[in-house]
Amino acid sequence: MAGVPQITLNDGTSIPQLGLGVWQVDPGITARVVRDGIAAGYRLIDTAEGYDNEKGVGEAIRSAEVPREDLYIASKLRNGAHQRDLALKAFDETMQKLGIEQLDLFLIHWPVPGQDKYAEAWATLVELRQQGRVKSIGVSNFNEDHLDRIIEETGVVPVINQIELHPYFPQLEQRGWLKRRNVQIECYSPLGSGAVLEDEAIAAIGKAHGKSVAQTILRWHLQQGLIVIPKSTHADRMKANFDVVDFELSDDEMATLSGLGKGEDGRTGSNPATNNDTF
Ligand SMILES: NC(=O)c1ccc[n+]([C@@H]2O[C@H](COP(=O)([O-])OP(=O)(O)OC[C@H]3O[C@@H](n4cnc5c(N)ncnc54)[C@H](OP(=O)(O)O)[C@@H]3O)[C@@H](O)[C@H]2O)c1
């Protein structure tokens, strides 16, 4: 079976195109879930301070049968810690919980425009990268105005913008301005947090390839060069979601999935322009 491709980022580093997300994974089972994920072949693990499960991710890293350098660990700065001193402290806590020397990727979780401190948070991430404590830095849920502001203030372009992206919410406009700035898209809620899994058109396409709806959706992401991080707590589903590199959707099939967008109704998460939650 072919392996998961690596995507080269604008700072010269590379990231596996398919990873495991652990949002809403109970802290008590996170170590087991991540261990199952690594056993299934996942090398990229996406956690966040706000998920409250970094400790479990750290436990799994330490007991994994693959060396640390083969794993790609990503976490995110929580919304209430955008101020420099708080961000530095939060990062220290993240590293302590994960129990690793260097993080592969650290993202600003949300811009929180009402708080208006994301530019300060970005400058702090730039510092952490200069110190070598994190290899790559990026953002999540950033709109064009948020992105341009941090680039203007620091001259540093994020490697990634992690955004909600799936067939019901394909983010066509976002793709254009992110591509122009050489920022890679990492797709969260790739299955619409489950909302796309009942789709009959996708089921029919999947059936023709002997694949499930989830596998067909993830294949659609991969064929567009998008990074994707599905979540599951079930070992069999994790395995199935990882088994998506050995088939190919035709142009017509790709177009069918791409035509399922529902505009703003397709969004399952919060809107970054208005989300001012300060967890
Ligand atoms: N940056 C952000 O603001 C942000 C926001 C949301 C998510 N994320 C990241 O993106 C990751 C994925 O997004 P997500 O957790 O919202 O949703 P998702 O990956 O789109 O979907 C997960 C849901 O689908 C189910 N599922 C997964 N594989 C399945 C399969 N093969 N068959 C049937 N059901 C399946 C899971 O249930 P089971 O677990 O029971 O299998 C879960 O309910 C998160 O874990 C997190 O790392 C980031």
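Predicted model: local features only at pLDDT ≥ 70, side-chain atom pairs only at ≥ 80, totals over all residues.
Student: OK, on to the ligand itself. Which residues are closest?

Tutor: Asp46, Leu191, Ser193, Ser232 and Arg237 are the closest of the 28 residues that surround the ligand. Ser193 is also on the list of residues closest to the centre of the largest pocket.

Student: How does the shell around the ligand divide up?

Tutor: Eleven nonpolar, 13 polar and four charged.

Student: What lies 2.7 Å from an oxygen atom of the ligand?

Tutor: That's a polar side-chain atom of Arg237. Ser189 also brings a polar side-chain atom to a ligand oxygen, at 2.8 Å.

Student: What about Pro190, which atom of it lies 3.3 Å from a ligand oxygen?

Tutor: For Pro190 it's a backbone N or O atom.

Student: How much of the ligand does the protein bury?

Tutor: 87% of the 900 Å² that the ligand exposes when taken alone.

Student: Changing topic: how much space lies in the second largest pocket?

Tutor: About 250 Å³. That pocket is lined by 18 residues, with Phe169, Gln171, Gln174, Glu264 and Arg267 nearest its centre.

Student: Which element gives the most to that lining?

Tutor: α6, with three residues. That helix spans 172–180, and both α6 and β8 (160–164) supply at least two residues each to the lining of the second largest pocket.

Student: And how many of the lining residues there are nonpolar, polar or charged?

Tutor: The second largest pocket has seven nonpolar, six polar and five charged residues in its lining.

Conventions
Residues numbered from 1 in each chain as written. Heavy atoms only, no water. 1 Å grid on protein atoms, 1.4 Å probe; cavity = no way out; pocket = protein on both sides within 12 Å on 5 of 7 lines; lining within 4 Å. Points joined across faces, edges and corners; volume = space filled by probe spheres on them. Helix = DSSP H or I, 4+ residues; strand = E, 2+ residues; numbered from the N terminus. Nonpolar A, V, L, I, M, F, W, Y, C, P; charged D, E, K, R; others polar. Near = heavy atom within 4 Å. Polar contact = N/O pair within 3.5 Å; in protein donor to acceptor, adjacent residues only side chain to side chain. Areas by Shrake-Rupley, 256 points an atom, 1.4 Å probe, with all protein chains shown as cover.
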